[in-house]
Amino acid sequence: MKNLTSLSLKTVQGELFVLDQTLLPQRQLWLLCQTVPAMVAMIKALQLRGAPAIGIGACLLLAYRASVGDSREQLLLDAEVLRAARPTAVNLMNNLDTMIAALAQDDYKAAAIACAEQLFAEDVALCQRMAEHGAALVQQGEQLLTHCNTGGLATAGVGTALGVINLAHQQGKNIRLWVDETRPLLQGGRLTAWECQQLGIPYQLICDNMAAMLMARGQVDRIFVGSDRIAANGDFANKVGTYSLAVLAHYHQVPFYVVAPHTTVDLACADSSAIPIEQRDANEVRGVSGAFGSAIWAPEQASVFNPAFDVTPAELVTGWVLDTGVYSQADIAMGILQRVIRK
């Protein structure tokens with residue numbers, strides 16, 4: 001396997017390493033990943049996260065297992081175990097379907113390695129195209145807002161929504177970025193803020209419940225978020241708190257965009273009712289933990305509701321920024337997603 005490198009994944013002499021995102025921003029630690037149980041544990045613990053990165057990481061692990069001699073039958077079983085690791089992120093399922101097709105070839109080992117390398121390269125290209133389409137929407141001096149983490153940590157390339165924002169910054173548009181801290185796991189505060197520092201993007205970190213005040217003051221011109229699954233009608237699932245932003249943006253007439261590769265579109269989901277929503281550990285809400293330590297602020301037996309994602313209805317979205325272009329509500333209503341995916 002070639003040596004591949006992204007912010008969160010790398011292969012070195014055929015072996016796969018994952019950057020432990022739970023330790024950021026205080027510490028950067030690369031973990032060797034050699035087994036399917038290890039990859040599943042990393043995905044569930046959010047050491048590896050972001051829909052595109054999860055899908056690519058799973059396929060790179062299968063390619064590694066093929067290279068060390070695992071049978072076709074074992075690899076197919078492993079693909080199904082990996083598929084169940086994150087139920088909402090459809091990129092994982094789409095990437096694994098591509099890998100399963102590769103495993104059907106006579107020389108399945110070489111095919112698996114080539115497939116994983118191609119998926120990695122494809123995501124880099126998809127991210128660049130999304131960035132170009134989305135950055136064209138940004139005007140000089142705009143104040144942007146984003147939620148969760150959608151940069152290079154979540155993809156193999158420059159990212160989805162944060163990739164758009166970074167390109168607008170590189171184009172000299174003098175943007176300013178508001179970064180939601182993104183409760184309960186602080187992916188904005190820990191990860192997006194860290195990426196912005198690396199990229200030199202001017203940003204300010206805010207608590208999630210401060211966004212409404214900023215919009216009311218006219219201090220948000222445009223919002224870009226990512227997605228883990230987009231239904232055929234344009235409804236989409238993203239990190240919990242995205243729906244709240246969309247409602248606020250609609251009320252304050254702030255343009256609201258979702259940025260994702262076409263691999264995030266799931267035509268099998270007619271609308272949001274068919275998108276599975278992952279429920280996570282209650283302790284993520286009762287307190288917080290990371291490289292900085294742990295704290296519990298709620299009663300240890302407090303009953304908790306902790307969905308990882310919420311769903312934003314299509315009528316609240318200004319535009320869908322895909323690698324194939326930017327689509328309006330009218331485009332979506334005419335079935336553009338179906339035509340794009342089936343090409």
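A: Let's begin with Leu-31, which touches Leu-16, Phe-17, Val-18, Asp-20, Met-42 and Gln-47, not counting residues up to four places away in sequence. Touching, or contact, means that heavy atoms lie within 4.5 Å. The model is a predicted one, in which local features need pLDDT of at least 70 and side-chain atom pairs count only at pLDDT 80 or more, while totals for chains, interfaces and linings use all residues. Residues are numbered from 1 along each chain as its sequence is written, and side-chain values use heavy atoms, with hydrogens and water left out.

Leu-31 sits in strand β3. Helices (H or I, at least four residues) and strands (E, at least two) are DSSP runs, numbered from the N terminus. For a sense of distance, Cys-59 is 28 residues away from Leu-31 along the chain, and their C-alpha atoms are separated by 17 Å.

Gln-21 is buried, with a relative accessible area of 0%. Here buried means under 20% relative accessible area, exposed means over 50%, and partly exposed lies in between, using a 1.4 Å probe and protein chains only. Setting aside neighbours within four places in sequence, Gln-21 is in contact with Ser-8, Leu-46, Gln-47, Leu-48, Arg-49, Leu-153, Arg-190 and Leu-191. Pro-25 belongs to the loop between β2 and β3 too, and the peptide bond leading from Leu-24 to Pro-25 is cis, with omega near 0°.

The buried residues of α1 (residues 36-44) are Val-36, Met-39, Val-40, Met-42 and Ile-43. They share the same side of α1, because they cover an arc of only 160° around the axis; the arc is that of the directions from the helix axis to the C-beta atoms. Their cover includes β2, β3, α2 (51-67) and α3 (72-83).

Between α1 and α2 there is a loop that holds Leu-46, which is also among the contacts of Gln-21. Leu-46 has a positive phi of about 65°, although it is not a glycine. Leu-46 counts as buried, at 9% relative accessible area. As background, most residues other than glycine have a negative phi, and most peptide bonds are trans.

A second place along the chain brings both of these features together. In the loop between β5 (176-180) and α7 (187-199) you will find Pro-184, and the peptide bond from Arg-183 to Pro-184 is cis, with omega near 5°. That loop between β5 and α7 also contains Leu-186, whose phi is positive, about 60°, although it is not a glycine. Leu-186 is buried, with a relative accessible area of 19%.

Next, have a look at helix α6 (residues 161-170). Eight of its 10 residues are buried, so α6 is largely enclosed by the rest of the structure. Those buried residues are Ala-161, Leu-162, Gly-163, Val-164, Ile-165, Asn-166, Leu-167 and Ala-168. Among the elements that cover them are α5 (108-135), β4 (143-146), β5, α7, β7 (222-225) and β10 (256-259). After α6 comes Gly-172, with a positive phi near 75°.

Helix α5 has a residue worth a visit as well: Glu-117 is found there. Glu-117 counts as buried at 14% relative accessibility. Not counting residues up to four places away in sequence, Glu-117 touches Met-1, Lys-2 and Leu-4. Ala-63 is 54 residues from Glu-117 along the chain, and their C-alpha atoms are separated by 8.8 Å.

Finally, let's step back to the whole protein. The protein has 12 helices and 16 strands. Its radius of gyration is 19 Å, close to the 20 Å that the globule rule gives for 343 residues, so the protein is as compact as a globular protein of that length. This radius is taken over C-alpha atoms, and the globule rule is 2.2 Å times the number of residues to the power 0.38. The C-alpha atoms fill a box of roughly 60 × 50 × 40 Å, taken along the principal axes. Buried residues make up 57% of the 343 residues. Of the contacts with a separation of 6 or more, 74% come from residues 24 or more positions apart.
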